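Trainee: I have a model open and want to check the labels before I use them. Can we go through them?

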Amino acid sequence: MEPVLTIVVPCFNEEEVLPDTIHQLEQFVKQLTSEQIVSNRSRILLVDDGSKDRTWEIIYKTGLRNEHVRGLKLSRNVGHQNALLAGLFAAKDGSDCVVSIDADLQDDVQIIREFIDKFNEGNEIVYGVRKRRDTDSIFKRHTAQFFYKLMKRMGVDLVYNHADFRLMSKRAITELEGFKEVNLFLRGIVPLLGFRSDVVYYDRKERQAGETKYPLKKMLSFAFDGITSFSVSPIRFVLFIGFVSFFLSILFGLYFLMLKMLGETQTGWTSLITSIWLIGGLQLIAIGLIGEYVGKIYKESKQRPKFIIDIDTFSMPIPRHHLI
Ligand code: UDP
Ligand code: MG
């Protein structure tokens with residue numbers, strides 16, 4: 001029996017690329033079905049992450065003419081990771097495996113064939129890994145590289161150059177549901193599932209149309225969240241610096257005391273003011289970091305839902321009377 005595949009696509013204000021994306025995915029799934037690689041119950045699930053443009057209208061209307069294209073409309077924008085989760089959890093029930101891909105189709109759709117091969121060989125997770133990053137700006141490439149290195153040094157096992165283009169089996173997604181944390185960083189969590197997995201290499205293209213939904217500010221906060229939700233080593237590092245500066249200041253103190261006893265008292269203001277700034281700065285960093293972790297605990301302790309589904313045409317028949 002061919003596996004039932006669902007392709008999950010998170011979409012945030014993607015009206016410019018979406019018609020083309022849907023068209024390509026529809027063709028692709030049709031091909032796979034006719035080649036008997038996947039079951040004819042395979043579908044495309046588009047998650048509208050609280051878009052302000054015509055995204056939902058496009059999803060909904062396509063659903064009316066093609067029953068293989070379904071939609072999930074979230075009640076507001078919850079961000080790429082949570083939108084993806086909403087899609088994965090919804091898709092899980094009707095599928096054997098689920099592939100997640102971005103709406104801009106920067107990732108090569110055809111590679112999904114290899115994903116399915118690997119899945120049929122018994123892998124629960126298949127990661128799409130970019131061969132090169134030459135479609136990214138130099139800045140993005142370097143910051144991304146730095147991020148992977150940093151995470152690795154802190155002991156977080158990320159798959160290098162893998163974004164959220166991957167296949168997960170029904171079983172893997174079911175286990176993923178057990179991770180209750182609110183700050184869910186999928187790229188870090190999925191390897192933690194620990195099932196048999198494999199990678200497939202591919203070339204990433206330029207964004208087809210529309211703008212990136214990950215401007216610098218979002219990217220940095222994404223990276224920072226990734227780091228702090230996985231590791232306490234930043235806070236340990238600050239503690240370490242704190243100790244070092246403490247001992248250094250004792251040494252300096254002794255040194256200045258010695259100078260004073262020798263009668264050379266012109267040392268004064270400069271060293272004083274520098275150390276005040278130094279210690280003050282260190283304290284602020286430490287407090288800031290502690291605040292970051294406390295903030296995380298605060299968020300987790302509320303156990304808020306990660307997303308709220310407004311309309312679901314995946315598990316329910318499409319409501320024809322429904323206003324878009
Ligand atoms: N996205 C989303 N919610 C958001 C931001 C982005 O669902 O709040 C989706 C977006 O529509 C796209 C994917 O996440 O399908 C990745 O975004 P984008 O391609 O803009 O990121 P980049 O490839 O530039 O890192
Ligand atoms: Mg993109």
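Mentor: Gladly. The model is predicted: local features need pLDDT of at least 70, side-chain atom pairs count only at pLDDT 80 or more, and totals for chains, interfaces and linings use all residues. Residues are numbered from 1 along each chain as its sequence is written, and chains are lettered from A and ligands numbered from 1 in the order in which they are written.

Trainee: How many residues surround ligand 1, and which are the closest?

Mentor: There are 16, the closest being Pro 10, Phe 12, Ala 103, Thr 212 and Lys 213. A residue is near a molecule if its C-beta atom, placed from the backbone, lies within 6 Å of it. Strand S1 (5-11) and helix H3 (80-92) are the elements that give two or more residues to this shell.

Trainee: What makes strand S3 (residues 69-74) largely enclosed?

Mentor: Six of its six residues are buried, so the rest of the structure largely encloses S3. Buried means that 20 or more other C-beta atoms lie within 10 Å of the residue's own, again placed from the backbone.

Trainee: Which residues of S3 cover each side?

Mentor: Val 69, Gly 71 and Lys 73 are buried on one side, and Arg 70, Leu 72 and Leu 74 on the other. Side chains in a regular strand alternate between the two faces of the sheet.

Trainee: How do you know that S3 pairs with strand S2 (residues 43-48)?

Mentor: Pairing takes at least two DSSP bridges. S2 and S3 have five and run parallel. Leu 45 has Arg 70 as its bridge partner in S3.

Trainee: What joins S3 to strand S8 (residues 309-312)?

Mentor: Three bridges, with the strands antiparallel. Lys 73 stands opposite Ile 311 in S8.

Definitions and conventions. Helices (H or I, at least four residues) and strands (E, at least two) are DSSP runs, numbered from the N terminus. A residue is buried if 20 or more other C-beta atoms lie within 10 Å of its own, exposed if 12 or fewer, and partly exposed in between; C-beta atoms are placed from the backbone.
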